[in-house]
Amino acid sequence: AFLPGSSLKGCIRTAIAWKLVMQLEPRGFADLFQRTLQNKNKNWSFNTFNAALFGANPQTDILKTLVVRDSQPLDMNGYGAMNYVRVMNVMRSGFAPKQGVPIRVESIMPDTGSITVPFIIQAALLKADRDLQQVSKGKPAAMLLQPGKLEETLLDFSRQLLDYESGFYKDYCPNEPAYRFIQQLQKDSNTIHRDPVSYTHLTL
C-alpha cells in the first residue's frame, strides 16, 4: 500500500489554486466566475479557472514542473483499515445518512506517524521557459521557486479547510465524533518538513 503521488499532486494543485484565487482582484475574479458559469458542462466547469491560474493546456501548465512521487510502501497492518463512508443529507435539525450509497475505502488511520512523499520541482525548466514564468502574472512561478511560499500556501489552505469543516459540524452536528476529530486536528501543530538542501521531500 502507498499514497499515490498523482492524488497528492491534485491536493497541492487545489491548495495553490485557492491561494491564487484569493489573490485575484474583485474584477478579475468576477470575470473568471462569469466565464465559468457559461460552461454548460458542469463536469468541466473548473477548466476556465484552471487555464487562467495554471496554463491553457497540459503543455503550458506550470505544474508540469512539479513532480510528486508515490510515498514509501506502508504497512497496512499498522497504518490502514477498511472503513465505511457515509454520504449525508443536510436537514434542518442536522443531517442523516443517504440510503443506498455504500462506500468502502482503504484509509490511513490517525496517530500512525508521518509519511514521507518525495517530490521534485524542476526549477531549471521553469526558469528557462518564459511562457511558464508568465502564467497568472508569475505568481505560481514565484511560489514554486521559493519553498517558503509553497509551504505557507499548503499550511494556510489546511487551516482554512479545517476551520470550514469545524464550522459545519458545529452548526449541524456538534455531538458527532467527527467534530471532535477535526477540533483535535486544529489543536495539533501542523507542519511541513523539507530537506533544506535538496528541497525534494515533503513530510506530512
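**Nonpolar cores, a pocket and an exposed proline**

The largest nonpolar core holds 27 residues, of which Ile 16, Leu 53, Phe 54, Ile 62, Leu 63, Leu 66 and Val 68 touch the most other members. Helices H1 (5-22), H3, H7 (139-145) and H8 (147-172), together with strands E1 and E6 (116-121), are the elements that each give two or more residues to this core, and H1 gives the most, with seven residues. The model described here is a predicted one.

**Cores**
- A second, separate core is made up of six residues, among them Leu 162, Tyr 169, Tyr 179 and Ile 182.
- Leaving aside residues up to four places away in sequence, Ile 62 touches Phe 54, Leu 126, Leu 132, Val 135, Pro 140, Ala 141 and Leu 144.
- In soluble globular proteins, nonpolar side chains tend to be buried together.

**Second largest pocket**
- Sorted by class, the lining of the second largest pocket comprises four nonpolar, three polar and four charged residues.

**Pro 73**
- Pro 73 sits in the loop between strand E1 (66-68) and helix H4 (76-79), and it counts as exposed because its relative accessibility is 73%, with exposed meaning over 50%.
- Although Pro 73 and Ala 1 are 72 residues apart along the chain, their C-alpha atoms are separated by 5.7 Å.

Technical notes:
Residues are numbered from 1 along each chain as its sequence is written. This is a predicted model: local features need pLDDT of at least 70, side-chain atom pairs count only at pLDDT 80 or more; totals for chains, interfaces and linings use all residues. Side-chain values use heavy atoms; hydrogens and water are left out. Ala, Val, Leu, Ile, Met, Phe, Trp, Tyr, Cys and Pro count as nonpolar, Asp, Glu, Lys and Arg as charged, and the others, Gly among them, as polar. Helices (H or I, at least four residues) and strands (E, at least two) are DSSP runs, numbered from the N terminus. Buried means under 20% relative accessible area, exposed over 50%, partly exposed in between (1.4 Å probe, protein chains only). A nonpolar core is a set of buried Ala, Val, Leu, Ile, Met, Phe, Trp, Tyr and Cys residues joined through side-chain atoms within 4.5 Å. Contact means heavy atoms within 4.5 Å.
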